[in-house]
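Biologist: I am new to this structure. Please take one part and walk me through it closely, with the salt bridges in view.

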Amino acid sequence: MSTAGLDGARDLLDAASSIVVFTGAGMSAESGIPTFRDALTGMWEKHDPMTLASPDGWAADPDLVWAWYADRATRVRSVMPNAGHLAVAELGRRPGVTVSVVTQNVDDLHERAGSAVTSHLHGSLFAPRCQDCGRAESPDLAVAMPRPACPLCGSPLRPGVVWFGEPLPSDDWLRAENAVSEADLMIVVGTTGVVYPAAELPERASAAGVPVVEVNPEPSAVTSFASVRLAGPAAQMLPDLLVQRR
């Protein structure tokens, strides 16, 4: 990453008072969390992703689907937030700055790093709920085996992630839209920018004249409209971005 690019991003950061940090799978991959398809290894490698991430797959074999997510949640609990997550939390503690974290990731690494997450656009591994009455249950039940039942109505609990073919959670989407509409800077970290409707949010910010800083080792769909691109991993670039200039 060139010094000019980092200096330009710092200029935008210094001028901002309302910042949206929008994160994708690349952020968590640096903590050792594989992407969804990369996680289809070992006992899961013979399974079609649609079997594990669709309402039809759940209806056909809820025990299998629950076991997959319980296994993944257990693995997530064994890793730690990386320096990128910690930098986002540090940014949120700066006086005079409002930081809204909007994430496509279903882990809890932002929270464990100390950030208050505004929106989990694709749900969370740690938000199990009743498939029928919608009652939210303890995050600890996300790793429970065998598959637990709702204590209120007795129906099965389901994982709290958004599956293929399901709408995004309306409350999370509304909070994300509101945060973007009020932002004067958007930092987009580790996302390809091609998964909709989440990918609309950086596009909207740019169209409204809000500067967009992209943090990604590789070019993405965001690169074409980013004001500044920091071409490196989040665990390196985000701490570097926060370094105070003399």
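Modeller: Here is a close look at one residue, its surroundings and the other salt bridges. This is a predicted model, in which local features need pLDDT of at least 70, side-chain atom pairs count only at pLDDT 80 or more, and totals for chains, interfaces and linings use all residues. Residues are numbered from 1 along each chain as its sequence is written, and side-chain values use heavy atoms, with hydrogens and water left out.

Start at Asp172. It lies in helix α8, residues 170–182. Helices are DSSP runs of H or I with at least four residues, strands are runs of E with at least two, and both are numbered from the N terminus. Asp172 is buried, at 14% relative accessible area. Buried means under 20%, exposed over 50%, and partly exposed in between, with a 1.4 Å probe and protein chains only.

Asp172 forms a salt bridge with Arg175, and the closest N and O atoms are 3.1 Å apart. A salt bridge here is a side-chain nitrogen of Lys or Arg within 4 Å of a carboxyl oxygen of Asp or Glu. Both residues sit in helix α8, three residues apart, about one turn of the helix. Arg175 is partly exposed, at 38%.

Now look beyond the helix neighbours. Leaving aside residues within four places in sequence, Asp172 is in contact with Thr118, Ser119, His120 and Leu121. Contact means heavy atoms within 4.5 Å.

Strand β3 covers residues 117–120 and runs parallel to β2, joined by three bridges. Two strands pair if DSSP finds at least two bridges between them. Val117 in β3 is the bridge partner of Val101. Strand β2, residues 98–103, is mostly covered, with five of its six residues buried. Strand β1, residues 18–23, also runs parallel to β2, and six bridges join them. There, Thr23 stands opposite Thr103.

Back to the salt bridges. The count comes to 11. Glu200 pairs with Arg204 at 3.2 Å between the closest N and O atoms. These two are four residues apart in helix α9, residues 200–207, so about one helical turn separates them. Glu200 is partly exposed at 27%, and Arg204 is partly exposed at 36%.

Glu214 and Arg229 meet in a salt bridge at 3.8 Å, N to O. This pair links distant parts of the chain: Glu214 is in strand β7 (residues 212–215), Arg229 in strand β8 (residues 228–230), 15 residues apart. Glu214 is buried at 1%, while Arg229 is partly exposed at 23%. Finally, salt bridges with shared partners join Glu177, Glu200 and Arg204 into one network.
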